[in-house]
Amino acid sequence: MDAPHTGFVADSLDRRIISALQIDGRASWHRIATALGEPERTVVRRGTRLLDSGLVRIGAMAVRGRSTVIGVRCAPGQARVVATALARRPDCVFAHVLTGTWDCVAEVQCPRDRLAGVVMDELPGLPGVVRTLTLPVLRHVRTIREWHAGLLTDAEIAALTDGTPTGAAPASADVAPPFDGAGEPSRADRLLVNALAEDGRCTFDELARVAGVSEATARRRLGALRRAGRVRVRAVIEPVLLGLPVEAVLWVRAVPPEVDAVTAALAGSPHVRYVSFVSGERQLLVLTAFPDEAALHDFVTRSAWLREAVSVDVSMVLGSLKRGGMLAPRLRD
């Protein structure tokens with residue numbers, strides 16, 4: 001897989017600005033500068049450069065239903081083809097090519113009453129698919145919306161989240177319980193979401209003009225969609241930009257009474273980007289990122305939470321075709 005170009009990321013301030021955008025992708029440059037204690041002109045210049053370069057993308061994702069993780073074993077030489085097909089599905093949240101038993105892993109969203117058709121008809125029909133593993137997500141513990149690699153202090157996070165305690169969702173972010181995809185959004189709402197999918201930092205004036213409504217209505221409708229869990233705005237980056245080039249997927253089986261303790265420990269690590277409790281033999285699916293393979297080795301051999309784990313399978317990420325509902329740039333061209 002092609003490695004992302006990272007030459008634009010010069011130093012720790014760039015990475016701290018990226019972390020701030022991960023916490024609230026629609027935060028103003030003034031608010032980010034105030035939170036980080038940096039000159040606003042510097043933050044504006046650097047933040048704009050990061051967004052213009054495409055290294056950091058802010059976009060909205062329409063929530064289409066409940067999440068299900070799909071593992072795919074592919075015919076020889078077909079992993080990239082299958083992962084690309086999965087990534088191009090509008091209901092796909094992420095798609096990665098892996099080492100190990102499963103060649104690809106993806107998360108898709110659909111109402112539970114449509115899941116049988118996806119699993120039994122649509123996925124087996126993809127060219128190159130040999131076998132699939134279906135793991136409905138019972139609970140998201142952490143998603144990329146809550147991950148910022150531990151580069152900001154608690155005080156800086158609080159300044160970006162209206163004082164919300166560390167680990168909690170900010171008042172301006174997406175805080176609703178899972179949305180099951182019932183009901184159709186209005187035309188104006190669809191236009192709002194489509195505009196935000198292209199640029200998650202669109203002003204309310206721009207959104208109002210696109211949707212054909214007043215600025216006050218655009219502000220109110222976007223707030224309602226986010227509170228209802230129908231739209232999620234997020235910053236999408238390659239972890240290598242934060243100095244974490246080694247990505248791995250962990251399939252964790254814990255002692256049942258200790259699952260909560262294991263998930264809490266995982267969610268507390270800055271190297272854990274995503275944790276979901278899923279159905280199946282292994283209760284936890286974990287996406288991680290590390291500075292090097294030695295750090296990954298330490299994490300899966302020396303962490304305290306391993307005392308409550310029955311097994312941990314490690315798959316290295318060879319390439320990502322989709323993150324946070326946004327296709328990799330090479331697939332958008």
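Me: Which residues is T288 in contact with, leaving aside its neighbours within four places in sequence?
Reply: With those neighbours set aside, T288 is in contact with V246, E247, A248, L250, H271, V272, R273 and F299. Contact here means heavy atoms within 4.5 Å. This is a predicted model, where local features need pLDDT of at least 70 and side-chain atom pairs count only at pLDDT 80 or more, while totals for chains, interfaces and linings use all residues. Residues are numbered from 1 along each chain as its sequence is written, and side-chain values use heavy atoms, with hydrogens and water left out.

Me: OK, and where does T288 lie?
Reply: T288 is in strand β9, which covers residues 284-290. Strands (E, at least two residues) and helices (H or I, at least four) are DSSP runs, numbered from the N terminus.

Me: Is T288 buried or exposed?
Reply: T288 counts as buried because its relative accessible area is 1%. The cut-offs are under 20% for buried, over 50% for exposed and partly exposed in between, using a 1.4 Å probe and protein chains only.

Me: Switching to W305: where is its place?
Reply: W305 is in a loop, the one between α11 (293-302) and β10 (309-323). W305 is buried, with a relative accessible area of 6%.

Me: What does W305 touch, not counting residues up to four places away in sequence?
Reply: V252, V262, A265, L266, F299 and V312. F299 is also on the contact list of T288.

Me: What about G212, buried or exposed?
Reply: G212 is exposed, given its relative accessible area of 65%. You'll find G212 in the loop between α8 (204-211) and α9 (215-227). From G212 to V246 is 34 residues along the chain, and their C-alpha atoms are 45 Å apart.

Me: New topic, W29. Which helix does W29 lie in?
Reply: Helix α2. W29 is buried, at a relative accessible area of 14%. Beyond residues up to four places away in sequence, W29 touches I17, L21, E40, V43, V44, G47, T48, L51 and R201. S303 is 274 residues from W29 in sequence and 37 Å away in space, C-alpha to C-alpha.

Me: How do the axes of α2 and α3 cross?
Reply: At roughly 120°, with the axes of α2 (residues 29-36) and α3 (residues 40-53) coming within 9 Å. Axes are lines fitted to C-alpha atoms, for helices over the stretch in contact, and angles run from 0 to 180 degrees between N-to-C directions. The crossing is right-handed; that term applies if the near helix is turned clockwise from the far one by less than a right angle, while anticlockwise makes it left-handed.

Me: Which residues make the contact?
Reply: From α2 they are W29, H30, I32 and A33, and from α3 they are E40, V43, V44, G47, T48 and L51. Six are nonpolar, three polar and one charged. Ala, Val, Leu, Ile, Met, Phe, Trp, Tyr, Cys and Pro count as nonpolar, Asp, Glu, Lys and Arg as charged, and the others, Gly among them, as polar.

Me: What is the volume of the largest cavity?
Reply: About 140 Å³. The largest cavity is lined by 17 residues, with V93, F94, I144, R234 and Y274 nearest its centre. β3 gives the largest share of that lining, three residues.

Me: And which residues line the second largest cavity?
Reply: Q22, I144, W147, A235, V236, I237, R273 and R323. The second largest cavity holds about 50 Å³ of space, and its lining divides into five nonpolar, one polar and two charged residues.

Me: Last one: how much space lies in the second largest pocket?
Reply: About 720 Å³. Its lining has 32 residues, of which A62, R64, P90, V193 and N194 lie nearest the centre. α7 gives the most to that lining, six residues.

Technical notes
On a 1 Å grid over the protein atoms alone, a cavity is a set of points where a 1.4 Å probe fits but cannot get out, and a pocket is an open set with protein on both sides within 12 Å along at least five of seven lines; lining residues have an atom within 4 Å of a point. Grid points are joined across faces, edges and corners, and a volume is the space filled by probe spheres set on the points.
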